[in-house]
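Colleague: Please walk me through reading helices in a model. I'd like the general idea before each case.

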Amino acid sequence: MALLRQEVDPGEVGLDAKALDRLDQHFAHYVDEGRLPGFLVAVSRGGRVAHLTAHGHRDLAAGLPVEGDTLWRLYSMTKPVTSVAALLLVEEGKLSLDDPVGRHLPEFAEPRVYVEGSGTAVRTRPAAGPMLIRHLMTHTAGLTFAFYRTHPVDALYREANLESAVLPGSDLARTVEVYASLPLQFDPGTQWNYSVATNVLGRVIETVSGQPLDEFFAERIFRPLGMTDAGFCVTDEQAPRLAELYGETDDGGITPIPGLPLRGRPRFLSGSGGLAASAYDVHRFMELLRRRGELDGVRLLAPGTVDLMTSNQLPGGADLRSFGSRPAHDEPGNDGVGFGLGVSVVVDPSRTRAPAGLGTYGWSGVATTTFWVDPAHDLTVQFMTQVRPRTSHTVYPELKRLVHEAVVGDRAPLSCPPAA
């Protein structure tokens, strides 16, 4: 077990300590109001942790505090890890972003697109072109989630028993076969729709590598980076450090709810949302990206590969709002934000809902976890708690505003020049 620690005073790297105190106080108020059980926030500049706060509880009923080694369900923050795994195979020549998915998963060889109808009376047509690996990584594959309720294909997912994105009792291979049996919402590459695509990508990784997804992640990413607590399950030794999961109540409070099963190796290995990790693990992963593929002498990816991953891949430089397929994506938070290979990317800071540097990239999880890397300000930020909101959460824009207000100067050099 490794522990994230503060390494430098904020002022030494151009951050305002008083502004960071305001950030802590803001979210401590959320804890006092019963809107969050507790939280951990870390702000780093130039790779050095300049602000680290753990506040409140990881388990309210047991009275257990949030600590530096607390484990968190990452949910969709798993997706960027899956993208890195796929890019490792791309660099090895075993996979190409322009490979048809059907080359590796034959069930996707002849995708069909929804035209009209419902239930057994659905009419489809052949897709205009193949579904490509890059479509999976950019969520432009035409796939969807069952919990959306704005398109007839969403209902088909529910009818196929995919309400939670996994066929109950099945493994990744069987679940992905069910995805492939359902029509796409649109021709691949023509729209953006956040979906089960990263689960399909996880299955591609298994097929190409010949390894289960958990083994590939551990061998190729976690062990080389020293992400000692990251994984698809927690051991008996780790279990006491796992934070309780909460859901929002009608009155704005929180109550414990069932969480991602993590005791014992899961049958379904979700590249879309199956990981748990500590703040130290997340920091190591962010540093890999910030340093463009290398960390502490270990290079996983070439700089150009990370640059590709963290640059907008939507056609014509579009943002999520203009390229989205459904009302659910037509929201202010998607203005000025594009999408790379598994991460969102700020393409127009003047239009974003909260302050952000051009090129800032990252992603969030459904339990109100988030991370981002801001190359323009050489910042990495993570915020960890465990609350599934009923609607859109205000935590993310507030956090971004408060961090932005703390940036008051250029990052100091790592060492002073020699005396004359």
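Modeller: Helices are DSSP runs of H or I with at least four residues, strands are E runs of at least two, and both are numbered from the N terminus. This is a predicted model, where local features need pLDDT of at least 70, side-chain atom pairs count only at pLDDT 80 or more, and totals for chains, interfaces and linings use all residues. Residues are numbered from 1 along each chain as its sequence is written, and side-chain values use heavy atoms, leaving out hydrogens and water.

Colleague: How many of the twelve residues of H9 are buried?

Modeller: Buried means under 20% relative accessible area, with a 1.4 Å probe and protein chains only. Eleven of the twelve are buried, so H9 is largely enclosed by the rest of the structure. Among them are Tyr280, Asp281, Arg284 and Glu287.

Colleague: Which residues of H1 are buried?

Modeller: An α-helix has 3.6 residues a turn, so residues three or four places apart point the same way. In H1 (residues 17–32), the buried ones include Leu20, Leu23, Phe27 and Val31. The buried residues of H1 pack (heavy atoms within 4.5 Å) against strands S1, S2 and S16 and helix H12.

Colleague: At what angle do the axes of H2 and H8 cross?

Modeller: Those axes, of residues 79–91 and 213–225, come within 11 Å and cross at roughly 90 degrees. That makes H2 roughly perpendicular to H8, a label for angles of 65 to 115 degrees. Leu88 and Leu89 of H2 and Phe216 and Phe217 of H8 are among the residues making the contact.

Technical notes
Axes fitted to C-alpha atoms, helices over the stretch in contact; angles between N-to-C directions. Parallel < 35°, antiparallel > 145°, perpendicular 65-115°, else oblique. Buried < 20%, exposed > 50% of the residue type's maximum accessible area, 1.4 Å probe, protein only.
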